[in-house]
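Here are some exercises to work through with the model open beside you. Try each task before reading its solution.

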Amino acid sequence: MSNAEFSVVTAILPDAASNRVARSLTADVGATALTWRARGTMLRDYWWARWMPPISPAKNMLQLIAHKDDVDRIQRTIIDHSRLHQQATGAVFSSPCERAFFGEGFRARPAHSNHSPMSANHDWSEDLSIICCIVGQTHSDRVARAAVTAGAHGPVIYFSEGRGLRDRIGWLRITKEQNQEVLLVLADESKADDVFAAMAKSGELDKPGRGIMYRMPVDKGMFNLHSQYSGRRNAASMQQIIHAIDQLSGHNHWRDQVALDPGSNAKGAGFANGGDGLTILENRERLTAIVPREQMQLITDIILDTGAPGINMTFARRIAPADCPSLAHAKIDDEYAVLRSILEPQAMDAVYGAVHSGASSAGVTDICLFTNSVPQIATYVPGKIDYRVPDDQEAA
């Protein structure tokens with residue numbers, strides 16, 4: 001089955017709520033979801049608190065493919081069973097697929113009910129952007145702080161693994177930071193440009209090997225994510241503070257000013273001048289391949305052999321109680337690899353076709369492929385600046 005009648009629905013939920021949502025999705029809607037662990041972002045107010053272990057509330061990421069007629073029903077189910085509209089605990093949003101393919105044996109295929117679409121009685125937002133920033137573990141905290149300071153709600157962070165050229169050249173693997181962190185940020189469209197720029201600067205994406213960040217459209221969503229923690233009474237969240245200053249000043253241009261705490265690093269906070277090596281790419285696509293973990297290496301090799309510059313990899317469990325096997329009355333969840341790669345439209349055609357035909361030739365039927373539009377990417381492109389030359393020598 002291959003068409004663009006599908007959307008990716010993503011939910012960010014605490015543990016207790018995710019269990020209720022999973023049971024409802026599988027029992028009432030007939031949907032099958034993939035889930036993996038994540039953590040919320042809680043930033044501390046005081047300089048001394050930054051030396052203490054971070055408070056990272058546990059989250060679960062739920063993601064499923066849904067027919068466009070079922071997106072509203074699924075999102076309403078998630079909101080109702082997680083009480084997302086009553087407390088600041090998570091988020092849910094949907095992103096349209098440009099194209100989608102489901103193998104005959106794909107066990108996490110989307111449900112498509114015969115019911116007409118249903119509108120949820122909630123305050124949906126249709127003016128959102130999602131920003132994904134993939135950086136090393138040592139950079140994620142300051143990128144998260146820059147995003148919040150620029151007006152985003154608290155980023156959600158989860159681990160991933162990278163695959164690319166250096167993984168295929170034996171001894172070069174030791175020069176590569178294998179584990180990465182993905183920062184998932186939801187921002188109002190009016191603030192998305194500021195958030196995107198601040199995160200790019202704080203992550204030093206103008207330098208080689210720092211990471212990549214991209215922006216994707218959101219059809220519809222709702223988010224309630226805390227991003228600030230304080231030990232004092234009557235503490236306000238960062239969003240409340242920013243909103244209050246906007247109202248008092250009558251504009252939001254004050255956010256462009258360099259206003260940093262004593263001892264903080266301006267460049268690390270995302271407000272320093274620079275970034276001459278940063279390249280903003282446009283009109284790309286993200287390919288996502290979902291396969292059982294044992295088939296991961298086969299599909300990874302096909303994607304890289306066809307010309308993809310790299311792959312970001314996350315491992316997830318499939319939630320489908322109705323057909324999962326059990327051992328001693330304990331449900332056994334299948335583990336899947338979620339492979340993502342950003343490609344130019346021309347390269348996407350070649351990679352998409354190669355994965356499709358390669359999986360068929362290898363007899364892999366438990367596979368899903370889909371693509372999403374990526375209007376904007378921030379990353380380093382070689383050849384613009386030689387960072388081995390100090391700034392003062394360049395000026396001379």
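**Exercise 1.** Classify Asn-283 and Asn-224 as buried, partly exposed or exposed.

*Solution.* Start with the cut-offs: buried means under 20% relative accessible area, exposed over 50%, and partly exposed in between (1.4 Å probe, protein chains only). Asn-283 has 56% relative accessibility, so it counts as exposed. Asn-224 has 25%, so it counts as partly exposed.

Asn-283 lies in strand β14 (residues 278–292), and Asn-224 in strand β12 (residues 220–224). Helices (H or I, at least four residues) and strands (E, at least two) are DSSP runs, numbered from the N terminus. Asn-283 also has a positive phi, near 55°, in a residue other than glycine.

A word on the model: it is predicted, so local features need pLDDT of at least 70 and side-chain atom pairs count only at pLDDT 80 or more, while totals for chains, interfaces and linings use all residues. Residues are numbered from 1 along each chain as its sequence is written, and side-chain values use heavy atoms, leaving out hydrogens and water.

**Exercise 2.** Check the length of helix α4 (residues 189–202), then look at what follows α4.

*Solution.* The expected span is 1.5 Å times one less than the number of residues. For the 14 residues of α4 this should be 20 Å, and the end C-alpha atoms are 20 Å apart, which agrees.

Now find the buried residues of α4: Ala-192, Val-195, Phe-196, Ala-198, Met-199, Ala-200 and Ser-202. As background, an α-helix has 3.6 residues a turn, so residues three or four places apart point the same way.

After α4 comes Glu-204, with a positive phi near 55°, although Glu-204 is not a glycine. Glu-204 sits in the loop between α4 and β11 (211–217), and its 10% relative accessibility makes it buried.

**Exercise 3.** Describe how helices α7 (residues 296–305) and α8 (residues 345–361) meet.

*Solution.* Begin with the axes, which are lines fitted to C-alpha atoms over the stretch in contact, with angles from 0 to 180 degrees between N-to-C directions. The axes of α7 and α8 come within 9 Å and cross at roughly 145°.

Then list the contact, meaning heavy atoms within 4.5 Å. α7 contributes Ile-299, Ile-302 and Ile-303, and α8 contributes Val-351, Ala-354, Val-355, Gly-358 and Ala-359. These residues divide into 7 nonpolar, 1 polar and no charged; Ala, Val, Leu, Ile, Met, Phe, Trp, Tyr, Cys and Pro count as nonpolar, Asp, Glu, Lys and Arg as charged, and the others, Gly among them, as polar.

Finally, the buried residues of α7 include Ile-299, Ile-302 and Ile-303. Just after α7, Gly-307 takes a positive phi of about 120°.

**Exercise 4.** Which residues have the most contacts inside the largest nonpolar core?

*Solution.* A nonpolar core is a set of buried Ala, Val, Leu, Ile, Met, Phe, Trp, Tyr and Cys residues joined through side-chain atoms within 4.5 Å. The largest has 37 residues, and Met-61, Ile-130, Tyr-214, Ile-290 and Phe-370 have the most contacts inside it.

Take Ile-290 next: leaving aside neighbours within four places in sequence, its contacts include Leu-34, Phe-106, Tyr-336 and Phe-370. A second, separate core of 24 residues includes Met-348, Tyr-352, Ala-359 and Leu-369.
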